[in-house]
Amino acid sequence: MSDPVLTALLATAGLQPPPTPRAIVEAVRAIPYGRTPAQDPHAVLEAGRGTCSTKHYLLAAALAELDPSVSTTLVHRVYRLGRRRAGEIFGRAAAAAVPRRGLVDVHTYLVADIDGRRVPLDVTFPAGPAWDGRSPLPLWCGEGRDVLA
């Protein structure tokens, strides 16, 4: 059995136990975007960065440890990334590498049961207003087709 990820997240983020779901979401969202050496929640904390998939693996694991009754679902969205949006998210160099017609990408986010509602949460980038604990966090990707992970 692996070490509890919630304890490691609290230590990394400087949070005092017991954390709220809102504090966990904001702690994971505050982690910078970047590749990790492994697809594992602990790798995000050790590297100090994470991608859409690894940060959402971490969020799901931490929420499950906090309250096992909270249901979470990882979702992969297949969408088309255009040059303009690539520039907004990743910068000019990345946008220049995107073909004129865009490219098909897959973005991972999490849906959590909050007060009996399925709420999409996207903690990929450390930006945007603080989460209010009940509303969806907007997805960083465009419209597309969702596939359950």
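Strand 2 gives the largest share of the lining of the largest pocket, namely three residues. The structure is a predicted model, in which local features need pLDDT of at least 70 and side-chain atom pairs count only at pLDDT 80 or more, while totals for chains, interfaces and linings use all residues. Residues are numbered from 1 along each chain as its sequence is written, and side-chain values use heavy atoms, with hydrogens and water left out. Helices (H or I, at least four residues) and strands (E, at least two) are DSSP runs numbered from the N terminus.

The largest pocket has a volume of about 270 Å³, a volume being the space filled by probe spheres set on grid points that are joined across faces, edges and corners. A pocket is, on a 1 Å grid over the protein atoms alone, an open set of points where a 1.4 Å probe fits, with protein on both sides within 12 Å along at least five of seven lines, and its lining residues have an atom within 4 Å of a point. Of the 15 residues that line the largest pocket, Tyr33, Cys52, Phe90, Asp105 and Val106 are the closest to its centre. Two or more lining residues come from each of helix 4 (52-66), strand 1 (72-81), helix 5 (83-90) and strand 2. The lining divides by class as follows, with the members of each class as defined here.

| Class | Members of the class | Residues in the lining |
|---|---|---|
| nonpolar | Ala, Val, Leu, Ile, Met, Phe, Trp, Tyr, Cys and Pro | ten residues |
| polar | the others, Gly among them | three residues |

The phi of aspartate 115 is near 55°, a positive value in a residue other than glycine. Aspartate 115 counts as exposed because its relative accessibility is 72%, where exposed means over 50% relative accessible area, buried under 20% and partly exposed in between (1.4 Å probe, protein chains only). Leucine 148, found in strand 4 (residues 144-148), is also exposed, with a relative accessible area of 63%. The C-alpha atoms of leucine 148 and glutamate 88, which are 60 residues apart along the chain, are separated by 27 Å.

Proline 18 is found in the loop between helix 1 (5-13) and helix 2 (21-29), and the peptide bond from proline 17 to proline 18 is cis, with omega near -10°. Helix 1 and helix 2 pack with their axes 10 Å apart, at an angle of about 65°.

Notes
Axes fitted to C-alpha atoms, helices over the stretch in contact; angles between N-to-C directions.
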